[in-house]
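I opened the model to go through its salt bridges, sheets, cores and surface. My entries follow in the order I looked things up.

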Amino acid sequence: MNSERDFFRILTRTTIGVVLILLAVIAWLSWPFAVLSFIFVMAVYLYNHKAVRREQRIWKEQFDAIAKGVTQASSFALQNLPTAIVIIDSKARICWCNSVFRDWLTVDLDKTQRLNSFIPALRLDKIWGKSGHFNEHIDERYFRVIYKYIENPHAYAESENAELESYMAFYFDDITESEQLRLDAEASAPAFGFLMMDNIEDVTKGLSDVEYTNLWAEINNAVVEEIDKYDGFIRNYAEDSYIFCISKEALTDMIAHNFPLLARVHSIPTSRRIPATISIGIAAGEPSIKEQSERARSALELALGRGGDQASVYIGSDLTFYGGKTQGSEKNTRVRARVVAQAIKELMDDADNVIVMGHEREDYDSIGGAIGVAAMAKAAGKIVHVAVSDQTVAIKKLSDLFPTEPTFARLLVTPQEAEELTTDNTLVFVVDVHRPDMVAAVKALQKSKRRVVIDHHRRASDFIEKPLLTYLEPASSSTSELVTELIQYFAEPISLNVIEASALYAGIVVDTKNFAVQTGSRTFDAASFLRRSGADLSIVRHLFMESFEAMQYRSQMLAEAERTEGLAFTVCPGGVKGPSILAAQTADVLITIEGIEASFVLYHLPDDVIGVSARSQGNVNVQLIMEALGGGGHRTVAGAQLSHMTIEEAKAAVQAEALKAVEQMKKEEQEE
């Protein structure tokens, strides 16, 4: 453009020069003729100049019109793009938005000037100065929001606070149609499940064929109708077992109503007045049907291991339990105990040595069960050791009695010693616990390859991996009761000494609260066997004796207890010896008070850990409350250990979960 302009400028000057030379030549020849030529040349110049100016003006007007049209078209396009655009400053104030933003989001800029009024979850401080995108659900629409940072290049030169001179642009792309299709596809994705009748043998025992058929048909109809209601597929592949498939949307509805099928089956009348119960295991969100079926089977085993009458649901890797309102029913048959005892004998025969461990900070049930298993190992002729954590009151009182029995020399070992004694052919028994992070000797358990689990707690999601044998009986009163039955059916005759029998008896006493809680006929049978084996009640009383200071502390804790919604909360003072036992005793006392449905006692443990002892009359499921805090137990007896919390924070967390459980219980009662 500049080169063309220079060319025309040179051409003009050359032409003027030539004209002037010609005029000079004409003037030299004839002055009059030169004047006439000059006048003619000026007339032509003025005429051409005027014509050129007129053409330039026309061109300029045309270009202005074109430019104006382009500007209007650009502005129209920007205002009416099928994308909502908004520009905000660092305070989230809307500086400009196009008409699409106003139409899509029904924005009233006279009343609202900030973008976070429409996107409450927007954290501008997290994305300021960056570019990226996120999805947002506003009203009934779904948007993919792309944000870009707009920095003013003159900000640093003209303002001391450059941030105020910068902006961010947000582009809202309506993805409602595709997102709705995705949600519909996700809702229709299959959820795979297994269902089993927990106690069909118990509720039908002694019934005639007609009564049995009628009861089974009623339970079957309830199950099939529930799945049919959601247009699901269900098949009965065994007398008491079903396999079914429903949509994820149906599963979500079941969860929202807390699996009403559980209550419906539970309410079916039976002639023996024993309520029928079922267990359900469901899985959804797995990449393949095979993995989903395996997850569903695992979920059913978890539900059964926790006592039944509940649904266990896997959505991806997240596991949730629903139901579990009833206590596990005690099995009158001891066939399984005899089979397990024989299997234990065979496993011991193949082992080089035996290591037994309970849970960390052992109580009398844990250490009593461990001593009982050690007695079986000694009867099988195996070298046996019991791994214990730091000396607790329970261990200290029992170990003080060991010098009177030479067979107890070097029985108790530390976790470090247990790890050193563990080889590839060591048989490791875990009693009164099944969660790998709660055992007394974690490293020894990890090192072992052959494991046996004996426990009476309801099964949690994090179970010890690949045990050779699992004996889990949530309906049993205590681990000591289970071990006592195994001793009676052990292949080798076992003669318990006084300390062994007394330790097992103490384990039963502590978990049954002197035979008052979760006690069945098999509990008394086991206690009777231990008494015949030499259990000394004076030793048991000695183990449970408390100091005068402990009694004073308990009185103080009872006086400081707080009561809310039928729940009692109190805290054990710091510096108390044996705080776990004192807390458990205080929790037991609190639920004997009229109007108290559940009690929670918090106490200090080493390493800045806060322990919780929870007890219930039965209406409030303290097991679920403690599981929400990382613990576990039974419906009426449970506990947890909270790390990285002060006692005040732990108390607030326990209160929040307990009140939530009470609120849920009231809601379910109203629905029923």
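**Entry 1: an Arg–Asp pair**

I began with Arg141, which is partly exposed at a relative accessible area of 30%. For this I count under 20% relative accessible area as buried, over 50% as exposed, and anything in between as partly exposed, using a 1.4 Å probe and protein chains only. Its side chain meets that of Asp174 in a salt bridge, 3.2 Å from N to O. My cut-off for a salt bridge is a side-chain nitrogen of Lys or Arg within 4 Å of a carboxyl oxygen of Asp or Glu. Asp174 is partly exposed too, with a relative accessible area of 27%. The pair links distant parts of the chain: Arg141 sits in strand 4 (residues 141-150) and Asp174 in strand 5 (residues 167-174), 33 residues apart. Helices (H or I, at least four residues) and strands (E, at least two) are DSSP runs, numbered from the N terminus.

A note on the source: this is a predicted model, so local features need pLDDT of at least 70 and side-chain atom pairs count only at pLDDT 80 or more, while totals for chains, interfaces and linings use all residues. Residues are numbered from 1 along each chain as its sequence is written, and side-chain values use heavy atoms, with hydrogens and water left out.

**Entry 2: other salt bridges**

How many salt bridges does the structure hold? I find 16.

I looked at Arg264 and Glu225 next; their side chains form a salt bridge of 2.5 Å, N to O. Arg264 lies in helix 10 (residues 260-266) and Glu225 in helix 8 (residues 209-229), 39 residues apart. Arg264 is partly exposed at 35%. Glu225 is partly exposed at 43%.

Then I took Lys651 and Glu562, a salt bridge of 2.8 Å, N to O. This pair spans 89 residues, from Glu562 in strand 18 to Lys651 in helix 24 (residues 647-671). Is Lys651 buried or exposed? Lys651 counts as buried, at 15% relative accessibility. Glu562 is partly exposed, at 37%.

I also logged a network of salt bridges that links Glu179, Arg182, Glu186 and Lys248.

Two strands pair if DSSP finds at least two bridges between them. Strand 18 runs antiparallel to strand 19 (residues 567-571), with three bridges. Arg563 is opposite Ala568 of strand 19.

In strand 21 (residues 609-616) I picked Ser613. Ser613 is buried at 7% relative accessibility. Beyond four places in sequence, its contacts (heavy atoms within 4.5 Å) include Ser580, Ala587, Phe600 and Ala638.

Elsewhere, strand 8 (residues 241-247) is antiparallel to strand 6 (residues 190-197), with seven bridges. Strand 7 (residues 233-238) also pairs with strand 8 in the antiparallel sense, over five bridges. A hairpin of two residues joins strand 7 to strand 8. I checked Cys245 from both sides: Phe192 is its bridge partner, and Phe233 stands opposite it.

**Entry 3: cores and a patch**

Which residues touch the most other members of the largest nonpolar core? Met348, Phe429 and Ile454 do, in a core of 55 residues. Helix 13 (residues 364-379) gives the most to this core, nine residues. A nonpolar core here is a set of buried Ala, Val, Leu, Ile, Met, Phe, Trp, Tyr and Cys residues joined through side-chain atoms within 4.5 Å. A second, separate core has 33 residues, among them Ile246 and Tyr322.

Asp432 has a positive phi near 65 degrees without being a glycine. Asp432 lies in the loop between strand 15 (426-431) and helix 16 (442-447) and is buried at 2%.

Ala92 also shows a positive phi, about 70 degrees. Ala92 is in the loop between strand 1 (84-88) and strand 2 (94-97), buried at 3%.

Last, I looked at Tyr45 in helix 2 (residues 31-79), partly exposed at 49%.
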